[in-house]
Amino acid sequence: MRRKLTIKYYVEADAAALARRAACHLEEMVSEAVEATGRARIAVSGGSTPKAAFQLLADPDQKYRNRMPWEKLELFWVDERTVPPNDAESNYRMTKEALLEQVHRMEGELDPEEAAARYESELRNHFRLEGAELPRFDLISLGMGDDGHTASLFPHTAAIHEMGRLVTANHVQQKDTWRITLTWPVINQARSVFFLISGADKAERVHEVFMGARDPERLPSQLIWPSGGILTLFLDKAAAALLPATDGEGCGVLERER
């Protein structure tokens, strides 16, 4: 049976406006989850735009600070670099500096395989999973690299073929490093998934990933096909330059099928 995907994309003028849009979306989705179930469990990727969004959420001078149900928010990571938590490259350090206390971090300072196994165990215990069950996050936030990678699912690496684990260690030969990452089946199981993408250097890849021929070995972001059939993109004008023009409210829609 053919599977359809509706891609809704929203375009902002620049990186600052994009961070505000992301902060607003996070606040809305977290509040909806808390209202529905009493708590919100989200997983996020690192990067400059997510960091700016978290800083807005934590800023006492911004409207989001008092509206976020912080005490009912559980934050997990989509991926992590193999560095200690206080390293400048650490994704965990980004949110710890910005705002959050209830953070379930990936232990980047450990052996990558051990860190992946420990994080998978944490997910299984926290979500009370049995057998082949997958965790169901309320929201997952992703970025995309100019090579088409997302999370730490890089082109031509073993992790893009991993379907049996929740978390895996991935050797990224092109960067001569290891990463720890959620697997794509886990990401696709989330109730809501969105990409946050900025910069002119991403424009061609954005067009390829979301409008081009399917080639996930080269473009791992194409593996993201949420089970609910809807994927959301937030982009700045530079990153969205090769997508079809949006409507008067800065919104566009793409329909994909596979």
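Biologist: Leaving aside its neighbours within four places in sequence, which residues is Pro185 in contact with?

Modeller: Contact means heavy atoms within 4.5 Å. This is a predicted model, where local features need pLDDT of at least 70 and side-chain atom pairs count only at pLDDT 80 or more, while totals for chains, interfaces and linings use all residues. Residues are numbered from 1 along each chain as its sequence is written, and side-chain values use heavy atoms, with hydrogens and water left out. With neighbours up to four places away in sequence set aside, the contacts of Pro185 are Leu134, Glu162 and Met163.

Biologist: Thanks! Is Pro185 buried or exposed?

Modeller: Pro185 lies in helix α6 (residues 184-188); helices (H or I, at least four residues) and strands (E, at least two) are DSSP runs, numbered from the N terminus. Buried means under 20% relative accessible area, exposed over 50% and partly exposed in between, using a 1.4 Å probe and protein chains only. The relative accessible area of Pro185 is 14%, so this residue is buried.

Biologist: How far apart in space are Pro185 and Trp225, C-alpha to C-alpha?

Modeller: Along the sequence, Pro185 and Trp225 are 40 residues apart. In space, their C-alpha to C-alpha distance is 9.0 Å.

Biologist: Now the open sheet of three strands: which strands stand at its edges?

Modeller: Two strands pair if DSSP finds at least two bridges between them. In this sheet the order is β4-β8-β7, with antiparallel pairing. Each edge strand has a single partner and so is left without a neighbour on one side; the edges are β4 (79-81) and β7 (167-172).

Biologist: What does the twist average from one strand to the next?

Modeller: Axes are lines fitted to C-alpha atoms, for helices over the stretch in contact, and angles run from 0 to 180 degrees between N-to-C directions. From one strand to the next, the average twist is 25 degrees.

Biologist: In β8, which residue is the bridge partner of His171?

Modeller: Strand β8 (residues 177-182) pairs with β7 in the antiparallel sense over six bridges. Within β8, His171 has as its bridge partner Trp178.

Biologist: Which helix packs on the sheet?

Modeller: This helix spans residues 112-127 and touches β7 and β8. Its direction makes about 155 degrees with that of β7, and its name is α5.

Biologist: How many disulfides does the structure hold, and how far from Cys24 is the nearest cysteine sulfur?

Modeller: A disulfide is a pair of cysteine sulfur atoms within 2.5 Å. The structure holds zero disulfides. For Cys24, the nearest cysteine sulfur belongs to Cys251, at a distance of 14 Å.

Biologist: Finally, how many residues apart in sequence are the parts that the pair of Phe127 and Phe137 ties together?

Modeller: Rings of Phe, Tyr and Trp (its six-membered ring) pair if their centres lie within 6.5 Å; planes under 30 degrees apart count as stacked, over 60 as edge-to-face and the rest as tilted. By this rule there are six aromatic pairs. Phe127 and Phe137 form an edge-to-face one, 5.0 Å centre to centre with 75 degrees between the planes. Phe127 lies in helix α5 and Phe137 in the loop between α5 and β6 (139-142), so the separation in sequence of the parts tied together is ten residues.
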